[in-house]
Amino acid sequence: MLSGKILIIALVISFPLFAGAQCITPPPVPDCTGTEPLATDGETINSTTTKWYYGGTVSYNSLSLNGGTLIVCGDLTVDKFYITTGTIFIRPGARLVIGSGVGAGLQFQGGCYLYNFGTCEIQRNLSLENSASAVNPNIVINALPSSVFKMSNQYLVINNNYSWFENNGSADFWGLITDAQSSPGSVCLGNGSTTKMAILINKVANTYKAPSGNACVNVLQYSEFYGQLTSDPTVFVCLAAGHSSNNSCIPFGCHPNDWGSSQVFTGCSGCATLSALPVRFLSFTGAGINNRGVQLTWETAMAETNGKMLVLRSGNGRDFKVLDSIFVHSTTGNVFHYLDTNPLRGTNFYRIVFSEFRLEMTTSSSVININFEPETTEAIYPVPFGQNFTIIFNREDSPKTIELMDMYGRTIPIIYTISQSTLSASVKLTRREENGLYLVCLISNKSVTMKTVLKR
């Protein structure tokens with residue numbers, strides 16, 4: 001009866017994950033008294049069957065799961081491990097090592113559940129495969145803050161949209177690949193968790209999430225993106241000094257360094273260093289303000305620090321250029337404002353980078369994008385005018401030449417001055433003209449704008 005209950009719990013508890021709101025809560029780990037049916041070397045654990053391992057450090061040559069449940073209470077190494085479907089529980093303080101004896105990678109084909117409350121080490125590549133479904137998903141959970149999941153020289157590949165990896169403790173991979181068939185939120189990170197890898201490849205937007213608090217992702221060597229990593233600013237990315245991204249795949253759809261809304265730290269020696277950082281970005285927003293430009297505002301959590309904020313802008317989301325720098329120290333405050341008075345027409349991408357003078361490490365905010373479409377000429381006044389009038393224009397289409405014509409197309413002699421500082425022009429008629437309608441022609445490097453004015 002106990003094994004049937006465990007299987008039902010594992011299946012039912014998985015369904016809330018599909019909604020994507022939070023990380024899944026693993027089922028309670030079963031007890032282990034040392035009197036339960038003991039798994040034996042070479043055994044196949046079939047459906048409705050539950051077996052335990054308890055005792056000292058032991059190595060099995062082989063073990064197979066064919067729909068059953070294995071509960072590890074001691075220190076067990078299995079050289080040749082096979083699984084079609086089934087559930088694995090590793091209790092707190094226990095350890096399971098899946099060896100490399102089979103040679104080929106370990107495949108979860110659907111209906112495979114691994115709940116690690118202790119230590120799990122896998123010495124083969126692990127793939128969460130395409131045959132998983134809503135009824136039979138693949139779920140791997142590193143359950144507790146104290147839990148350790150090790151694949152230090154191996155790859156974890158998620159290539160199915162009903163497959164998930166969740167880390168609430170410490171996880172270590174050679175590489176973590178979220179393939180094109182994976183789903184958003186397929187890597188769910190708990191508060192305070194650390195996920196370390198040499199290589200990160202992300203082929204679906206927003207595969208990483210950290211809904212319950214701050215989580216650290218440490219990438220040592222290389223990353224490649226086909227969509228942004230995350231929309232959560234609670235994901236902190238620690239990039240080692242030798243890290244690089246692949247730029248050669250841009251024609252084929254890659255987006256180098258597309259860390260999304262995460263906060264990125266370059267030259268970072270490890271997740272442990274982030275706890276002592278002097279600056280952390282809490283928010284970053286922006287808005288277009290009529291013809292004045294784009295107003296940026298960001299808030300930080302700052303400790304004792306001295307450094308500078310760099311304001312960067314890009315037209316394509318990849319190639320950023322520095323607009324300005326703001327020097328800060330511990331008494332500056334933690335809310336900053338910057339007005340980009342000459343934004344690009346259309347979409348502008350912005351990022352703030354903080355560089356601390358004492359550290360060889362930089363902190364980067366998330367990237368935001370603001371659409372800016374300058375308005376046409378705001379005003380000509382007074383209306384009607386006598387011998388003089390003023391034109392208010394936007395910087396994007398500031399005129400180089402101003403002409404005045406009557407309704408028959410004849411040019412009216414004027415004198416004018418253009419002020420870029422006030423975005424205005426003063427126009428004066430050089431002789432008396434008849435009252436009536438006139439055309440003001442504003443000629444810039446980009447356009448010609450015609451306005452009708454009334455003289456009385």
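Residues are numbered from 1 along each chain as its sequence is written, and side-chain values use heavy atoms, with hydrogens and water left out. In this predicted model, local features need pLDDT of at least 70 and side-chain atom pairs count only at pLDDT 80 or more, while totals for chains, interfaces and linings use all residues.

Strands are DSSP runs (E, at least two residues), numbered from the N terminus. Two strands pair if DSSP finds at least two bridges between them. Strands of a sheet pair through backbone hydrogen bonds, in either the parallel or the antiparallel sense.

Strand β2 covers residues 50-53 and is paired with strand β3, residues 57-72. The two run parallel and are joined by 4 bridges. Within this pairing, K51 has L70 of β3 as its bridge partner. Both faces of β2 are covered, where buried means under 20% relative accessible area, exposed over 50% and partly exposed in between (1.4 Å probe, protein chains only). T50 and W52 are buried on one side, and K51 and Y53 are buried on the other.

The lining consists of 31 residues, each with an atom within 4 Å of a point. P256, N257, G317, F320 and R351 lie nearest the centre of the pocket. Two or more lining residues come from each of β20 (263-266), β23 (306-314), β26 (346-356) and β27 (362-364). The lining divides into 13 nonpolar, 14 polar and 4 charged residues. Here Ala, Val, Leu, Ile, Met, Phe, Trp, Tyr, Cys and Pro count as nonpolar, Asp, Glu, Lys and Arg as charged, and the others, Gly among them, as polar.

Strand β26 gives the most to the pocket lining, with 3 residues. The strand is mostly covered, as 8 of its 11 residues are buried. β26 pairs with β23 in the antiparallel sense over 8 bridges, and V353 of β26 is the bridge partner of L310. V353 also has a bridge partner in β27, namely S364; β26 and β27 run antiparallel and are joined by 3 bridges. A further antiparallel pairing, over 5 bridges, joins β26 to strand β28, residues 368-372. In β28, N371 stands opposite T347.

Two open sheets were also identified. β36 is joined to strand β35 (residues 436-443) by 8 bridges in the antiparallel sense, and T449 in β36 stands opposite L442.

The other open sheet also has 4 strands, in the order β29-β30-β34-β33, and its pairing is antiparallel. β29 (379-381) and β33 (414-419) stand at the edges with a single partner strand each, so one side of each is left without a neighbour in the sheet. β33 pairs with strand β34 (residues 424-429) over 6 bridges in the antiparallel sense. In that pairing, the bridge partner of I414 is L429 of β34.

Technical notes:
1 Å grid on protein atoms, 1.4 Å probe; cavity = no way out; pocket = protein on both sides within 12 Å on 5 of 7 lines; lining within 4 Å.
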